[in-house]
Amino acid sequence: MAAPRSFSAAEVRARCAQGACLVRCRRRLYDLSGFVRLHPGGEQLLRRRAGTDVSAALDGPPHRHSANARRWLEQYYVGEMEPGEEQSHPEPADEKAVDAAAQTPTRMDPRCRTVDVEKDLVDWQKPLLWQVGYLGEKYDEWVHQPVDRPIRLFHSDFLESLSKTAWYVVFMVWAPVVLYLSWVSYTSLAQGNTRLFSSFTTEYSIPVHKYYFPFIFLLGMFLWSLLEYLIHRFVFHMKPPASNYYLITLHFLLHGQHHKSPFDSSRLVFPPVPASLVIGFFYGVLRLLLPEVLGLSVFVGGLCGYVVYDMMHYYLHYGSPKKGTYLYGLKAYHVKHHFEHQKAGFGISTRFWDHPFRTLIPEETFEKED
């Protein structure tokens, strides 16, 4: 293995002045230039720490970073500071302690061990879908240790292409469907033939006017937000039995791949082909429970909620919302779910349902911008 590259303090300052974001933990140096926009605490927070020692910030207060966050940091390791070239700590430190640190051989924090592609539990040079089922009891821990690398699922290039989706494809496919079905629902209600409870009683059935359509549409969006939470919590985050190869494989296909590589931009939204099967199933359920036009109106609201959810999910990973906005807080909340609280924070487009179901991520665990 080649010796790590050495950096002088002057070189680090020069690179930071050119826009790079290099930070260090004692003598270990990391280039976070490609991660600053993805950081849940905001880009400016990392920018202000460029060129400094972030050891104290990792340990807190106010926020003690998780083992996953420390492992993630190691993926951006670029080398060592030259002996005696360490810059001062962000906070006052004992001079003797600083001198001792400079003389101590540089070692990686054992909590920071990242994925070694040569020694990992799976072979990253081959499709992962058919390998993960053999991990057994090791699967749950492995899948919740995120890495910054692309994932290949299938041997077939065709199947692999169907498993990936650009964010705009969801909007291009489903937004026209939402608009068309909204028009169909509204014009059907405008005919004045739709009545609620007409299958039980004709005398006391309630007429549903076209003016009710916006409220029915919003009801569909509200019901989708609940369904989003329930699917994410109880389906996507089920813990498959260690002895069941097929359930482990299914879990990885549905959601495990996203937790293993949370910033794979081609796997942040659900591909239209499998999505159409699931959407068709829920439409059939609504047709059984409600009169045709009412079921369609609720469905189109839910479908719109799904499109908003997918677009928002992509933005929470790759967007740069402004400080103090709803999306700014939601981005930090969602990324915290990936790195530290995989058993909480299941709301994506809203945290509303995390409150009554008591799965809210505590606010005190979030790092605040200065």
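Reply: Happy to! Keep in mind that this is a predicted model. Let's start with the lining of the largest pocket, where the residues divide into 32 nonpolar, nine polar and three charged.

Me: What makes a residue part of the lining of a pocket?

Reply: A lining residue has an atom within 4 Å of a grid point of the pocket. For the largest pocket, 44 residues line the space, and its volume is about 1,100 Å³. Nearest the centre are Trp224, Phe236, Phe270, Val278 and Tyr306.

Me: Which helix gives the most to that lining?

Reply: That is H9, with ten residues. Helices H7 (157-162), H9 (213-236), H10 (245-260), H11 (272-289) and H12 (292-318) each supply at least two.

Me: Now the histidines. Why is His39 called buried?

Reply: Buried means under 20% relative accessible area. His39 has 10%, so the label buried applies. His39 sits in the loop between strand E3 (28-31) and helix H2 (43-48).

Me: And how do you know whether His65 is buried or exposed?

Reply: The same cut-off is used: under 20% is buried, over 50% exposed. The value for His65 is 16%, so His65 is buried. Its place is the loop between helix H3 (55-59) and helix H4 (67-74).

Me: What does UniProt list for "binding site"?

Reply: An unreviewed UniProt entry lists His39 and His65 under that name. They span 27 residues in sequence, yet their C-alpha atoms are not more than 12.5 Å apart, so they gather at one spot.

Technical notes: Residues numbered from 1 in each chain as written. Predicted model: local features only at pLDDT ≥ 70, side-chain atom pairs only at ≥ 80, totals over all residues. Heavy atoms only, no water. 1 Å grid on protein atoms, 1.4 Å probe; cavity = no way out; pocket = protein on both sides within 12 Å on 5 of 7 lines; lining within 4 Å. Points joined across faces, edges and corners; volume = space filled by probe spheres on them. Helix = DSSP H or I, 4+ residues; strand = E, 2+ residues; numbered from the N terminus. Nonpolar A, V, L, I, M, F, W, Y, C, P; charged D, E, K, R; others polar. UniProt positions renumbered as here; feature names shortened; annotations may be inferred. Buried < 20%, exposed > 50% of the residue type's maximum accessible area, 1.4 Å probe, protein only.
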